[in-house]
Every structure is written in structure tokens, then in C-alpha cells.
Amino acid sequence: MLRHEFQPGRLIAGTFLTVAGIVYAGDAGGAWETPWFAVIPLIVFGLLLAGVAALISGALRRRRRTPKTTPHQSPNPPS
């Protein structure tokens, strides 16, 4: 049993922010030279992609939760 629901938006956001941290750490450590503005597009694209993934996964979860009714069946059957 899972402890919590899988959230792909958070996974994508965390991955892109981790990559941005690695890029800045490499620059600070002297491994390579990174311009100060290079990480901004990386973070913006990662957050945009995470938002799209969160919207899609949220829509799929809501779609699964709604009860399915057939055209011949009423939503509230008589008691």
C-alpha cells in the first residue's frame, strides 16, 4: 500500500529544481562557467511542465472518482 498518492507535477518540479541547483553548484565549485541568467529558463520551463502534468493528473483522478452511469440507468435508483 502506498503512503500517499503519486504526484507527477511535484516530481517534475523537484527534478528541474535539483538540476538548477547542480548547475549552480558546478559553477560555484569551478567545474564550469554558468551565466547568472542561464538557470531562469530552466526553472520556468520546469515549473510550466510541472503545472501541466499536475493539471492532467488531477483531471484524470477526478474523472476516475465520478460514478459512471449508463444511459438506461438513472443516477439515483429507487429504494
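**Exercise 1.** In this predicted model, is Trp-36 buried or exposed?

Solution. The relative accessible area of Trp-36 is 66%. Since exposed means over 50%, Trp-36 is exposed.

**Exercise 2.** Determine how many aromatic pairs the structure holds, and classify the geometry of each.

Solution. A pair of aromatic rings is described by the distance of the centres and the angle of the planes. The structure holds 2 such aromatic pairs. For Phe-16 and Phe-45, the ring centres are 5.8 Å apart and the planes stand at 70°, so this pair is edge-to-face. This pair links distant parts of the chain, because Phe-16 belongs to helix 1 (residues 8–29) while Phe-45 belongs to helix 2, 29 residues apart. For Trp-36 and Phe-37, the centres lie 5.6 Å apart with the planes at 85°, and the pair is therefore edge-to-face. An angle over 60 degrees is the cut-off that these assignments need.

**Exercise 3.** Describe the setting of Ser-57 in helix 2.

Solution. Begin with the position: Ser-57 lies within helix 2, which spans residues 39–65. Its relative accessibility is 15%, so Ser-57 counts as buried. Finally, a polar atom of the Ser-57 side chain lies 3.2 Å from the backbone oxygen of Ala-54.

Conventions. Residues numbered from 1 in each chain as written. Predicted model: local features only at pLDDT ≥ 70, side-chain atom pairs only at ≥ 80, totals over all residues. Heavy atoms only, no water. Helix = DSSP H or I, 4+ residues; strand = E, 2+ residues; numbered from the N terminus. Buried < 20%, exposed > 50% of the residue type's maximum accessible area, 1.4 Å probe, protein only. Polar contact = N/O pair within 3.5 Å; in protein donor to acceptor, adjacent residues only side chain to side chain. Phe/Tyr/Trp six-rings, centres within 6.5 Å; stacked < 30°, edge-to-face > 60°.
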